[in-house]
Amino acid sequence: MSHSCSTIVFTCIDFRFQKSIHAWLESQHLIGDHDRVGIAGGVLNITTPADEHNRALLLKQIEIAHNLHHIQKVILINHEDCGAYGGKGACEGDEQEYAKHESELKQAGEYIKQTFPDLAIETYFATLNGVVEKVD
Ligand SMILES: [Zn+2]
């Protein structure tokens, strides 16, 4: 087996989403073809990290995946009712919650692009009903 893979995937640690995210990764033929990082809050650690070390830690994971495993893509997955964002209670409804994560994912992608302009960035939003949808 070659020591390379196509993608690094960032998700929140939230256990409620791991099964559907795994199934989605399988549907994308990414099982055995991605590096995986789980951190509470997902891209919040890039956009507005509570601890600046978290942002550096995440960028380091991309750097390692890039240099060691020759990845070409970064997949960022945020999710519904994320406690790090204050959960559903912090938003006025599903639309506002989605818009918040859409903005966060876009901002995180742009931030990563500054350091890794050659990597493709894809963003997704995982819902409590098991859907992982693309965010453009
Ligand atoms: Zn979360």
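Modeller: Helix α1 (residues 18–27) lies across β1, β2, β3, β4 (120–126) and β5, at about 70° to β5. This is a predicted model, in which local features need pLDDT of at least 70 and side-chain atom pairs count only at pLDDT 80 or more, while totals for chains, interfaces and linings use all residues. Residues are numbered from 1 along each chain as its sequence is written.

Biologist: Why are β1 and β3 called paired?

Modeller: Two strands pair if DSSP finds at least two bridges between them; 4 bridges join β1 (residues 7–11) to β3 (residues 73–79), so these parallel strands qualify. In β3, I75 is the bridge partner of V9.

Biologist: What is the strand order of the open sheet, and why is one side of β2 and of β5 left without a neighbour?

Modeller: The order of the 5 strands is β2-β1-β3-β4-β5, with mixed pairing. Because β2 (34–38) and β5 (132–135) stand at the edges, each has a single partner strand.

Biologist: Which residues is I21 in contact with, leaving aside neighbours within four places in sequence?

Modeller: They are T11, I77, A126 and V132, where contact requires C-beta atoms, placed from the backbone, to lie within 7 Å.

Conventions: Helix = DSSP H or I, 4+ residues; strand = E, 2+ residues; numbered from the N terminus. Contact = placed C-beta atoms within 7 Å. Axes fitted to C-alpha atoms, helices over the stretch in contact; angles between N-to-C directions.
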